[in-house]
Amino acid sequence: TMYGGGGGGGGLYQGTESAEEGRRRSERERVEAERWSRIEREDEEKETREERRREEAERRERASRSAAKKQQKQQQQQQAAEEAEERERKKEAARKKERKWERLEERWVELEAT
């Protein structure tokens, strides 16, 4: 319009606007600036919340993987210990059998000698 009311926030003839029109334009510009400032702040807050959520999810995932690895390592150690114990039991059983046969052999030799 001829008096600065249209055309995207400013007219060609701003110098001819009245004091009231100038105040209204300044108020509209201030309100619009506040609105965009609020939108930008809210967007930044949302991005910050999402980033924290992602970081927390990643931390939990790392902790979960770490706990799973630790548990797997403990299970492997326990299995290795059980296997070693079983080998030792078998060795002891073999030694007992060997001693038993040695004693039987000694008795046989004694019986043959008499």
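## Glu27 and its partner

Glu27 is partly exposed, because its relative accessible area is 38%, between the limits for buried (under 20%) and exposed (over 50%), with a 1.4 Å probe and protein chains only. Its side chain meets Arg30 in a salt bridge, 2.4 Å from N to O; the term means a side-chain nitrogen of Lys or Arg within 4 Å of a carboxyl oxygen of Asp or Glu.

## What you're looking at

This is a predicted model, where local features need pLDDT of at least 70, side-chain atom pairs count only at pLDDT 80 or more, and totals for chains, interfaces and linings use all residues. Residues are numbered from 1 along each chain as its sequence is written, and side-chain values use heavy atoms, leaving out hydrogens and water.

The chain has one helix and zero strands; helices (H or I, at least four residues) and strands (E, at least two) are DSSP runs, numbered from the N terminus.

In one of them, Glu29 pairs with Arg25, with the closest N and O atoms 3.3 Å apart. Arg25 is buried, because its relative accessible area is 15%, whereas Glu29 is partly exposed at 40%.

Arg60 and Glu56 also pair up, at 3.5 Å between the closest N and O atoms. Both lie in helix α1, four residues apart, about one turn of the helix. Elsewhere, salt bridges with shared partners tie Glu88, Glu92, Arg95 and Arg99 into one network.
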